[in-house]
Amino acid sequence: MEKAEGAFLTISELAGELGLPQHILRYWETRFPQLRPLQRSGNRRYYRPADVALAHRIHQLLNVEGFTVKGAQKALVDGNGTESVAPSAAPTASLEQADLLTRLLAIRTDLAKAIGD
């Protein structure tokens with residue numbers, strides 16, 4: 001049975017979704033202060049949609065992109081760990097590269113003329 005979109009997940013459900021053991025999620029809670037699931041009686045953890053998204057981002061940083069725990073902490077605090085930062089930076093970088101390429105080609109043309117004369 002699938003849960004509705006936005007429903008809270010238990011630690012076992014989130015661990016299964018990420019393909020990780022539950023103790024890894026408990027460890028992340030000690031290292032990433034932003035990750036704070038609700039805890040009910042008996043310390044049962046319930047991950048809200050924001051916690052689930054954060055856990056997915058931490059998993060991405062650590063296990064896909066190869067960050068260390070310290071590096072992932074810094075990326076999340078600096079805002080470099082969010083998905084929304086990367087797309088806006090990419091067009092600027094490609095424009096700067098195109099401008100640089102145009103300038104280098106102009107310099108190359110000027111040097112070829114100087115050598116040929």
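Predicted model: local features only at pLDDT ≥ 70, side-chain atom pairs only at ≥ 80, totals over all residues.
Residues are numbered from 1 along each chain as its sequence is written. Local features need pLDDT of at least 70, side-chain atom pairs count only at pLDDT 80 or more, and totals for chains, interfaces and linings use all residues, while side-chain values use heavy atoms, with hydrogens and water left out.

**Exercise 1.** List the secondary structure elements from the N terminus on.

*Solution.* Start with the count: the protein has five helices and three strands. Both are DSSP runs numbered from the N terminus: helices are H or I, at least four residues, and strands are E, at least two. Then read the order: β-α-α-β-β-α-α-α.

**Exercise 2.** Work out the strand order and the edges of the sheet.

*Solution.* The open sheet runs β1-β3-β2, with antiparallel pairing. Strands pair if DSSP finds at least two bridges between them. Next, take β1 with β3 (residues 45-47): two bridges join them. T10 stands opposite Y46 in β3.

**Exercise 3.** Describe how helix α1 packs with helix α3.

*Solution.* Locate the helices: α1 spans residues 11-18 and α3 spans residues 49-64. Their angle is about 35°, and their axes lie 11 Å apart. Axes are lines fitted to C-alpha atoms, for helices over the stretch in contact; angles run from 0 to 180 degrees between N-to-C directions. Now find the contacts (heavy atoms within 4.5 Å). L14, E17 and L18 in α1 meet V52, A55, H56 and H59 in α3.
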